[in-house]
Amino acid sequence: MTDQRRRLVLASASPARLGLLRQAGFAPEVIVSGVDEDALSAATPADLARVLAEAKATVVAALPEAAGALVVGCDSVLELDGAAYGKPGDAETATTRWKQIRGRAGVLQTGHCVIDTVSGRSVSATGSTAVRFGEPTDEEIAAYVATGEPLHVAGAFTLDGYGAPFVEAIEGSHGNVLGLSLPLLRGLLAQHGVAITDLWT
């Protein structure tokens, strides 16, 4: 019997997103978009996350190697005081960011876009999860930044790594903070007429 399961392509280099999909029963291929995230802008952090996700998915969906696949693009930013914060990129920025967010609450906005390369149709949405940060000391912040982890993740923190002890609570999707909300993905796939269970391996 021929396997008719649709190919799922993740347009992201994020190991956390790939891990989430694999743990949930998928076997995604990874094609990195190469989109310049700093070149895009939007009116709000939630809109920015969605625009970035759409850009990543659109670039990958146009590639010959993605033909016939369902392409999933995601991008995350931390919203604090109405501003969007992405990956710090360097230790100084990461340190400043943590001194800014400790003891406060923000919203992790993750844009999701799913493109069906067969129909060419694209659907997208943003997932929002409230995050309450702990109050690490200056010494703890310095040690965390020295691991290198916060330099390359939205908002300079993770829930599944060294940063976990410094996050007091979240309200909303846990996966959304890691970079991909599985309930939101399920809804977007349904808009394409695809049951998420049909993509399980």
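Two strands count as paired here if DSSP finds at least two bridges between them. Helices (H or I, at least four residues) and strands (E, at least two) are DSSP runs, numbered from the N terminus. By these rules E3 and E5 run antiparallel and are joined by 10 bridges.

The model is predicted: local features need pLDDT of at least 70 and side-chain atom pairs count only at pLDDT 80 or more, while totals for chains, interfaces and linings use all residues. Residues are numbered from 1 along each chain as its sequence is written, and side-chain values use heavy atoms, with hydrogens and water left out.

**Strand pairing around E3**

- Strand E3 covers residues 70-80, and 10 of its 11 residues are buried, so the rest of the structure largely encloses it. Buried means under 20% relative accessible area, exposed means over 50%, and partly exposed lies in between (1.4 Å probe, protein chains only).
- E1 and E3 run parallel and are joined by 3 bridges; Val9 stands opposite Val71 in E3.
- Leu70 has Asp116 in E5 as its bridge partner, and Gly73 is paired with Cys113 in E5.
- E3 and E4 run antiparallel with 3 bridges between them, and Leu78 stands opposite Tyr85 in E4.

**Strands E5 and E6**

- Strand E5 spans 105-116 and strand E6 spans 122-133.
- Of the 12 residues of E5, 10 are buried, so this strand is largely enclosed by the rest of the structure.
- E5 and E6 run antiparallel, joined by 11 bridges; Gly111 stands opposite Thr126 in E6.
- The hairpin of E5 and E6 has 5 residues between the strands, and Gly120 in this hairpin takes a positive phi near 80 degrees.

**Thr110**

- Thr110 belongs to strand E5 and is buried, with a relative accessible area of 0%.
- Leaving aside neighbours within four places in sequence, Thr110 is in contact (heavy atoms within 4.5 Å) with residues including Ala49, Asp75, Ser76, Thr126 and Asn176.
- Thr110 and Ala84 are 26 residues apart along the chain, and their C-alpha atoms are separated by 11 Å.

**Helix H2**

- H2 (residues 45-61) has 17 residues and reaches 24 Å from its first C-alpha to its last, close to the 24 Å expected at 1.5 Å a residue. The expected span is 1.5 Å times one less than the number of residues.
- Among the buried residues of H2 are Leu48, Leu52, Lys56 and Val60.
- In an α-helix there are 3.6 residues a turn, so residues three or four places apart point the same way.
- The cover over the buried residues of H2 includes strand E1 (8-10), helix H1 (15-23), E3, strand E4 (83-85), E5 and E6.

**Nonpolar cores**

- A nonpolar core is a set of buried Ala, Val, Leu, Ile, Met, Phe, Trp, Tyr and Cys residues joined through side-chain atoms within 4.5 Å.
- The largest nonpolar core has 38 residues, of which Val72, Trp98, Phe133, Phe157 and Leu189 touch the most other members. Strand E3 gives the most to this core, with 5 residues.
- A second, separate core of 12 residues includes Ala57, Ala61, Ala69 and Cys113.
- Not counting residues up to four places away in sequence, Trp98 touches Phe133, Pro136, Ile141, Tyr144, Ala156, Phe157 and Phe166.

- Most residues other than glycine have a negative phi.
- Asp81 has a positive phi near 55 degrees. This residue sits in the turn of the E3 and E4 hairpin, which has 2 residues between the strands, and Asp81 is exposed at 62% relative accessible area.
- Ala156 has a positive phi of about 70 degrees and lies in the loop between helix H4 (138-146) and strand E7 (167-171). At 0% relative accessibility, Ala156 counts as buried.

**Largest pocket**

- A pocket is defined on a 1 Å grid over the protein atoms alone, as an open set of points where a 1.4 Å probe fits, with protein on both sides within 12 Å along at least five of seven lines; lining residues have an atom within 4 Å of a point.
- The largest pocket holds about 520 Å³ of space. Grid points are joined across faces, edges and corners, and the volume is the space filled by probe spheres set on the points.
- The lining of the largest pocket has 28 residues, of which Ser14, Arg17, Lys87, His152 and Val153 lie nearest the centre.
- H1, E3 and helix H5 (174-178) are the elements that give two or more residues to this lining, and H1 supplies the largest share, 3 residues.
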